[in-house]
Amino acid sequence: MSEALITCESLVRIYQTGSIEVQALQGLDLVVNRGEMVAVVGASGSGKSTLLSILAGIDAPTAGKAHVERWDLLAMSRADRVRYRRETVGFVRQQTASNLVPYLTSRQVIDLPMTAARKPARARRQRTSELLEALGVADCADRRPAEMSGGQQQRVAIAVALANRPHVLFADEPTGELDSATSAEVFGALRDVNQRYGVTVVVVTHDPGVSGQVERTVAIRDGRTSSEVLRRTATNEDGDTHVIAEEYAVMDRAGRVQIPREYRETLHLTNRVRLALEADHVRIHPDRTLP
Ligand code: ADP
Ligand code: MG
C-alpha cells in the first residue's frame, strides 16, 4: 500500500526584497509516496528550486503545510533542521562543481557527511566503497573533480547525498549542465538508486522529455502544480506490452481543478461553466447565457 512520504498543501513562499514581493509558490499541492521517483517539470521561474529548497530544509515556507515523514517543515527548531538535513534528506545541486570540493577526492568527499554524523571510520570506509561501486564510479575513487567528466561528477554527487542513508533524495536540475547522452546516464543512476536502496527521489528539471524516464511527472506552473503525467505498462489482447502515458489535472483539497488554456480557448470557457454529473465522469459545458 502506498504511504505518503511528502505532503504539501497550499504551500506558499513569498520573497520580499525591499518593497517588491515575489510569490514563488502560490498554494502548491503535492503528495509523493514512499519509494516513488517523481520528476517535477516547469519553465524557468516556475518555483521548482524554491520547492526543493523548502523540502530539503534549506528554506522555510511562508504559509501552508509541508510534511516529510514525521517532520513539519513549518515548525522545526534549528536543531531539528540540522538533524533533518543530515539524516532524512540528501540533496544534489545543478552546478556540478558546487556538489563537490575541488581539492578532495571522491572518497574524501563522500566521507564528509558521515564524519559530520560521527559514523565510525570502518562503517564510513565500507559505505564509501559500496556507493562508488553502486554508482559506477569506483575508478574515480581517488580523483578530484577536475579529473572527472560532468557525468562522473554528478554520480559522485549522488553518492555524497546518499552517504548517510537518507530516506529522500532531492535533485535540482542535476543534468542541467550536461549533454543529452550524459543526462540520460545521470537519470539512469537516479533511477537505479531509487530501485536499489528504495530511496524516494524527487528530481526537478525544465526538460519535459524526462516524462519518458519516470513513472510520474508533476508539472508546476506559476508556483502551483498544474498537471501530472502517469506512465504505466499495459498488455493488449496479443500479449504485447506497451507504455501508456496519461495526463491528469491536479485537484486541490477544495476540489479546484485548472482547465488547460487550449480547452478554455477552444470552447470559449470563461468565468462561468455548467457542470453535469454523469455516472462515471463530470461534463463541463460553456455558459449558454452568453451571447
Ligand atoms: P525555478 O527553479 O523554477 O526556475 P525559482 O524557485 O528559482 O524557479 O524561482 C521562482 C520565483 O521566485 C522567480 O520569480 C524568482 O525570481 C523568485 N525568487 C527565487 N529566489 C528568490 C530570492 N531569494 N529572492 C527573491 N526572489 C526569488
Ligand atoms: Mg531552479
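Modeller: Let me begin with a term: a polar contact is a pair of N or O atoms within 3.5 Å, and within protein one of the two must be able to donate a hydrogen and the other to accept it. Please keep in mind that this is a predicted model.

Biologist: What makes the pairing of the side chains of Glu173 and His206 a polar contact?

Modeller: The side chains of Glu173 and His206 are joined at 2.6 Å, and the cut-off for such a pair is 3.5 Å, so the pair qualifies as a polar contact. Glu173 itself sits in the loop between strand E7 (168–172) and helix H7 (180–197), and, apart from residues up to four places away in sequence, Glu173 touches Lys48, Gln94, Val204, Thr205 and His206. The C-alpha atoms of Glu173 and Val203 are 7.0 Å apart in space, although 30 residues separate the two in sequence.

Biologist: Why is Glu173 called buried?

Modeller: Its relative accessible area is 10%, and buried means under 20%, so Glu173 is classed as buried.

Biologist: What can you say of Cys8 and Cys140, buried or exposed?

Modeller: Cys8 has 2% relative accessibility and Cys140 has 0%; with buried set at under 20%, both cysteines are therefore buried. The structure holds zero disulfides.

Biologist: Which residues of helix H4 are buried, and what do they pack against?

Modeller: In helix H4 (residues 106–116) the buried residues are Ser106, Val109, Ile110, Asp111 and Met114, and they pack against helix H5 (121–134) and helix H6 (150–162). As background, an α-helix has 3.6 residues a turn, so residues three or four places apart point the same way. After H4 comes Arg118, with a positive phi near 55°.

Biologist: Which residues place their N or O atoms by an oxygen atom of ligand 1, and at what distances?

Modeller: A backbone N or O atom of Gly45 lies 2.6 Å from a ligand 1 oxygen atom, a backbone N or O atom of Gly47 lies 3.1 Å from one, and an N or O atom in the Ser49 side chain lies 2.9 Å from one. Taken together, the protein covers 62% of the 560 Å² of accessible area that ligand 1 has on its own. Strand E2 (20–33) and helix H1 (48–55) are the elements that give two or more residues to the shell around ligand 1, and H1, with three residues, gives the largest share. By class, that shell has four nonpolar, six polar and one charged residues.

Methods:
Residues numbered from 1 in each chain as written. Chains lettered and ligands numbered in written order. Predicted model: local features only at pLDDT ≥ 70, side-chain atom pairs only at ≥ 80, totals over all residues. Heavy atoms only, no water. Areas by Shrake-Rupley, 256 points an atom, 1.4 Å probe, with all protein chains shown as cover. Helix = DSSP H or I, 4+ residues; strand = E, 2+ residues; numbered from the N terminus. Nonpolar A, V, L, I, M, F, W, Y, C, P; charged D, E, K, R; others polar. Disulfide = S-S within 2.5 Å. Buried < 20%, exposed > 50% of the residue type's maximum accessible area, 1.4 Å probe, protein only. Contact = heavy atoms within 4.5 Å.
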